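This report describes selected features of one protein model. The sequence and the structure are shown first.

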Amino acid sequence: MFRSSGSSRALREATEALERAESYPEWKQAAAAHDQLSGAAAWREDGDSLYYDHALMRKDVGSLKQLREAGDGRGLVDALTASVYRHQADIAAHELYVTALSGPKHLVRDWLDEVEAALTWLVLHPVQGLSPTDKRRRFEDAWKVYGRSALMLSGGATWGFYHLGVVKSLFEAGVLPDILSGASTGAMVAAGVCTRTDLEVADMFANPECLRLDGLLPLEPRRALEAGAWLNPERLHEVLRHNVGDWTFAEAFARSGRALNISVSPTRTRQKPRVLSHLTSPDVLVASGALASSALPGLFPPVVLDARSADGRVVPYAPSERWVDGSIYGDLPKLRLARLHNVNHFIVSQTNPHVTFFVGKQGERGVVPAVAGVATATARTQGAYTADVVRRLTPAWGGPIRQAADRAYALVTQDYRGDIEIHPRFRADLLRKVVVNPTRADLAVFIREGERATWPRLPMIEDQTRLGRVFRTCMAALRAPPEAGRGSVPG
């Protein structure tokens, strides 16, 4: 594809520099050096590619710039409408982000720069034939058609603490989506972010010792037998309240501006899985939702959700229903997020051990990933078939056997893929810590490994979420009251 300009020793040293990086700026600098040595930097300079229509994109860049500099607002609106949607799939091409560590062809960034400049120009300048109300409506419609991005955090028991490093990387890079979903431990992490303001999130990552890590406490043997569970739910609830506060979903959204979505699974046969959010369950307490989403059968007993009543009391929410681990039926509730928030772009951080083994190698090049992909796909198919046979041979009233078969079938047939996927590096020394309280040293390792898994994905995330962030910024300016003025677009 391209010719390396560096010796094998220089490339090896550049690779080692990537492994030693302690921050994203440091990793990014090492990536640029590696691209120079490997020849990938020259590949980025050459705009031609089989993976997108480079000639049309180059033409659109020139047209948008010409219309903007001429002050032709109407022409700019029409050109943007055509260009944004025809190149939306182009910039999402996976192949554009696997050649160079630093990012795709420079032409992709040139196009993104020009689209952002054009959208900003339209916000700041009058457009002939469009009133301010019409302009705002056109922007709202365009944003709705373009769609939104969400960060989805899987379950994974103690391994779910990797998510903290993923969120930290996205937050510090300024690309954390304002829609998050979580299941099980992912729900805990998403809740911790969505109940905090930006300043509080920054303080949490600067001082992770503020988080309690002692949520797993074994029950006394007699109570464990009575509850059919091994761990104490009161302790986990206490820790969750410390880590995420006593906010409701509506209050969390109001204070952070981030839409929290927590998956919970039903215990009743005819009940459906739910996504708790400020839209579906505004008065439910976030800590209660995270507790329910973490109640893995056998480890924790099912949970009745708590809500805050109009007079401020904590009362049961749907008291006849009990809920368990959200990963069982809705680890990644993409369809429900699409309906609730107009999400059509999913960034998935996956730490479930049983899922990582199945999908961790998919999409990678080479013989080993290909063979691993075939083997895991076969195992998954056989697992789904076996679980389905048990389901069909067991009547609906078949009790624990039918329930176990239903859950097994749900686990192996779920769609665990995303548009962008982040899988932490497997570490054998952490295998024994899947269901134990992490130490402070463990937490530091989880966070750093989550960061390292995210850094190579950041160029793709930055590009594929950029126009969504631009739309959000433009809408904030257009919705501002007249007295606030529209002389600038907020950063």
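## A salt bridge between partly exposed residues

In this predicted model, Arg223 has a relative accessible area of 35% and is therefore partly exposed. The side chain of Arg223 forms a salt bridge with that of Glu234, with an N to O distance of 2.8 Å. Arg223 belongs to helix α11 (residues 221-227) and Glu234 to helix α12, so the contact ties together parts that are 11 residues apart in sequence. Glu234 also counts as partly exposed, because its relative accessibility is 44%.

Across the whole structure, 27 salt bridges are found. One of them joins the side chains of Asp463 and Arg109, at 2.7 Å from N to O. Asp463 is part of helix α21 and Arg109 of helix α6 (residues 106-124), so this pair ties together parts that lie 354 residues apart in sequence. Asp463 and Arg109 are both buried.

A further salt bridge brings together the side chains of Glu451 and Lys168, with 3.0 Å between N and O. Distant parts of the chain are linked here, since Glu451 lies in helix α20 (residues 440-454) and Lys168 in helix α8 (residues 162-172), 283 residues apart. Glu451 and Lys168 are both buried. These two residues also take part in a network of salt bridges, in which they are linked with Glu22, Glu172, Arg448 and Arg452.

## The largest cavity

The model contains 2 cavities of 30 Å³ or more. For the largest cavity, the volume is about 140 Å³. Its lining consists of Trp143, Arg148, Ser149, Val175, Leu176, Pro177, Asp178, Thr465, Gly468, Arg469 and Arg472. Two elements, β1 (148-153) and α21 (458-479), each give two or more residues to this lining.

At least two lining residues come from each of α9 (185-194), α12 (233-244), α15 (327-330) and α17 (353-359).

The largest share of the lining of this pocket is supplied by α12, with 5 residues. Helix α12 is also where Glu234, the partner of Arg223, is located. Of the residues that line the second largest pocket, 23 are nonpolar, 13 are polar and 3 are charged.

Most residues other than glycine have a negative phi. Ser184 counts as buried because its relative accessibility is 6%, and the cut-off for a buried residue is under 20%.

Asn342 is not a glycine either, and its phi is positive at about 60 degrees. This residue lies in the loop between α16 (334-341) and β8 (343-349). With a relative accessibility of 29%, Asn342 counts as partly exposed, whereas Ser184 is buried.

Terms used:
Residues are numbered from 1 along each chain as its sequence is written. This is a predicted model: local features need pLDDT of at least 70, side-chain atom pairs count only at pLDDT 80 or more; totals for chains, interfaces and linings use all residues. Side-chain values use heavy atoms; hydrogens and water are left out. Helices (H or I, at least four residues) and strands (E, at least two) are DSSP runs, numbered from the N terminus. Ala, Val, Leu, Ile, Met, Phe, Trp, Tyr, Cys and Pro count as nonpolar, Asp, Glu, Lys and Arg as charged, and the others, Gly among them, as polar. On a 1 Å grid over the protein atoms alone, a cavity is a set of points where a 1.4 Å probe fits but cannot get out, and a pocket is an open set with protein on both sides within 12 Å along at least five of seven lines; lining residues have an atom within 4 Å of a point. Grid points are joined across faces, edges and corners, and a volume is the space filled by probe spheres set on the points. A salt bridge is a side-chain nitrogen of Lys or Arg within 4 Å of a carboxyl oxygen of Asp or Glu. Buried means under 20% relative accessible area, exposed over 50%, partly exposed in between (1.4 Å probe, protein chains only).
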